[in-house]
Amino acid sequence: MAEIHINEVRKTFGKVVAVNNIELTIHDHEFMVLLGPSGCGKTTLLRCLAGLEDVDSGRIFINKEDITEYPPRSRHISMVFQSYAVFPHLNIFENIAFGLRMQHLPNSEIKKRVESSAEMLQIENLLDRYPAQISGGQRQRVAVARAITVQAEVLLMDEPLSNLDALLRLEMRAELKRLIKELQTTVVYVTHDQVEALGLGDRIAVMKNGNLLQVDAPLIIYDHPANAFIGGFIGNPPMNFLPAVIDDRGIHVEETTLTLDLLPKGFKRSGSTQNIKIGIRAENIKILPSSEKNALKGKILVVEPLGSTNLLTVILGNERIKVNTHPDEIYLTGGEIWLQMASNKINWMDAETGNTLA
Amino acid sequence: MKKAHVSRVIGRTGTYVIAILLVVWVLLPLYLITVMSFSTKSGVYIFPKPLFPQPISTETFLFFINSTGVLKSALNSVIVAVTSMILAIIVGAPAGYAVARYIFHGRDLYRLAVISTRAFPAVILSIPLAVTFIKWGMYDSIFSLALVHTAISLPFTVLITGSVFAGVPKDLEEAAQTLGCNGVTAFIRVTLPLALPGLAAATLFNFVGSWNEVFSSVILTVRNRTLPALVLASLNVSPLPYRFAGALFMLLPSIVFMFFIRRYLFNLWGRVVK
């Protein structure tokens, strides 16, 4: 049982506001990912949770207990560092056993638990080696094993996969997810990698400039970002944005007018004419050979065969957008096509603020 | 293309010539001193100097060691060096740790102040210090001298230990804290073992510094001379064998120390722990 409640936490470094009055509840057994570009304050927030930074104001609760003033060792947490922070002067066994030794457990118990964690991470044959004698990927496993061996209620991870090469990262990502599911601890995971965030998290908290922008399940964040920044930050390729004007006759995108029934039911118009931004993902655009209702005319600028998809760059009036198509569909550069957006996947955003309207 | 190649060869040759000259400049006297120290007493006076002692003999060396006061002074030197080395590390290492780990107001100023104390001439310091020591009844004591040596070596101890501690990643200490350590146990279990080789190097550095320090030793002691003070005082009136053997005896700890500490001296300002 570990529910984390972050209450109006603020942390500044000099004039820089790293964490700006953040309010966030992380449920028991939840895998929460803090996602954002570098410098957004996600690591600082994690370090505040760990007790490695003092907060300027606000409180942090774990299981309703106010731990704001507690030192790291009294917080029921363990942490995996970006640099792994494996102790170079101790062998792998002693590294993993470090937390247990601090609890003065009997040797037999320590041995049992170290071996079980080592087995979970498949490093049981490395126990008598020293960190300098193993690879980066193995050190990463040691760092995770060391953190889970203490069986803390909350596991904090600070970009644990960012120093691994791409292939290893892919493998470790899946393994981490399986492991955490097995352990059933509450996890707070910091990353700037949106793929990692989507793949691992039960929920994602997107941060920017010290502010929390959106907290939601991965697919909701992906399909319905709270603003244009999130849409552009998450997903590869990033979300397409098309400027448009709504008036009584319809939705005007470039030279085409789309019908008003494309607007979602709850959409409230602010005036007779309204400037908006349409956000649509590359895979939610259908390509048609000829004009149809609510289709936009475009011209293919670039075709990139990426194996699993053909990525098209299409010119739409003055705008360029990316469209994902099935790899078997052949398109020629310079060809004229018609694009139809999946109406339930369109994000209607304010032209100026970029905030989602409905 | 060809021109660039030629200029590179010239550049490299030049570098080697200068390097070799520098090495010869430093090593030749050391070599000659060693040769002379292991010659017979009469062999010392031969000119031109032979490249190898002929015959090899410990006569000269033993003559120096058995001279009046040498052993007692050597013992004094060791006591002074060990005392000041311990005091310096006890006082200096925590300061070095603070400089390495904490960002506090005036940290850069503090660093500068630490270095600038080195600019204070020992001459100006020693005379009033002698007066003060006489007043306080501390004059002519090797422990008073050890205190002075401690003061002299402290700035470097702070800087060197500072860079040693800076070489131990802060992450490691923080990891230890999340695993149940408080600040002190994290330091003892993680930082200290990793910093130990560097700290040992800093300590040896102080030992050699004190062992070789002569100015305040001459001024602050009369009967309880340290070895350099004794050698300096008797240099004018002593025969050549005494001088050569004395020089070698003074050199030895430094040379041994250099071999020990080489690695740390090379990356004194960089990362010390691998």
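Colleague: What separation do the centres of domain 1 of chain A and domain 2 of chain A have?

Modeller: They sit 39 Å apart, taken over C-alpha atoms. This is a predicted model, in which local features need pLDDT of at least 70, side-chain atom pairs count only at pLDDT 80 or more, and totals for chains, interfaces and linings use all residues. Residues are numbered from 1 along each chain as its sequence is written, while chains are lettered from A and ligands numbered from 1 in the order in which they are written.

Colleague: And where do the bounds of the two domains in chain A fall?

Modeller: Domain 1 covers 4–233, and domain 2 is made of 240–284 + 293–350. Those bounds come from an automatic or database domain assignment.

Colleague: How many residues of domain 1 of chain A are in contact with domain 2 of chain A?

Modeller: Six, and they meet six residues of domain 2. Contact here means that the C-beta atoms, placed from the backbone, lie within 7 Å. By class, the domain 1 side has two nonpolar, three polar and one charged residues. For the classes, Ala, Val, Leu, Ile, Met, Phe, Trp, Tyr, Cys and Pro are nonpolar, Asp, Glu, Lys and Arg are charged, and the others, Gly among them, are polar.

Colleague: Why do you say that E15 and E19 of chain A pair?

Modeller: Two strands pair if DSSP finds at least two bridges between them. Strand E15 (residues 285–288) has four bridges to E19(A), so the pair qualifies. The two run antiparallel; Ile285(A) partners Met341(A), and Leu288(A) partners Trp338(A). As for the names, helices (H or I, at least four residues) and strands (E, at least two) are DSSP runs, numbered from the N terminus.

Colleague: Which residues make up the covered face of E19 in chain A?

Modeller: Ile337(A), Leu339(A) and Met341(A). The uncovered face carries Glu336(A), Trp338(A) and Gln340(A).

Colleague: Over in chain B, why is Met36(B) called buried?

Modeller: Buried takes 20 or more other C-beta atoms within 10 Å of the residue's own, exposed takes 12 or fewer, and partly exposed lies in between, with C-beta atoms placed from the backbone. Met36(B) has 24 such neighbours, so it counts as buried. This residue is found in helix H1 (residues 2–37) of chain B. Leaving aside neighbours within four places in sequence, its contacts are Val44(B), Thr60(B) and Phe244(B).

Colleague: Last one: how many residues does each chain bring to the contact between A and B?

Modeller: Chain A brings 19 residues and chain B 14. On the chain A side, strand E6 (77–80) and helix H2 (92–102) each supply at least two. That side divides into 13 nonpolar, five polar and one charged. The model scores ipTM 0.85 and pTM 0.81.

Terms used:
Two residues are in contact if their C-beta atoms, placed from the backbone, lie within 7 Å.
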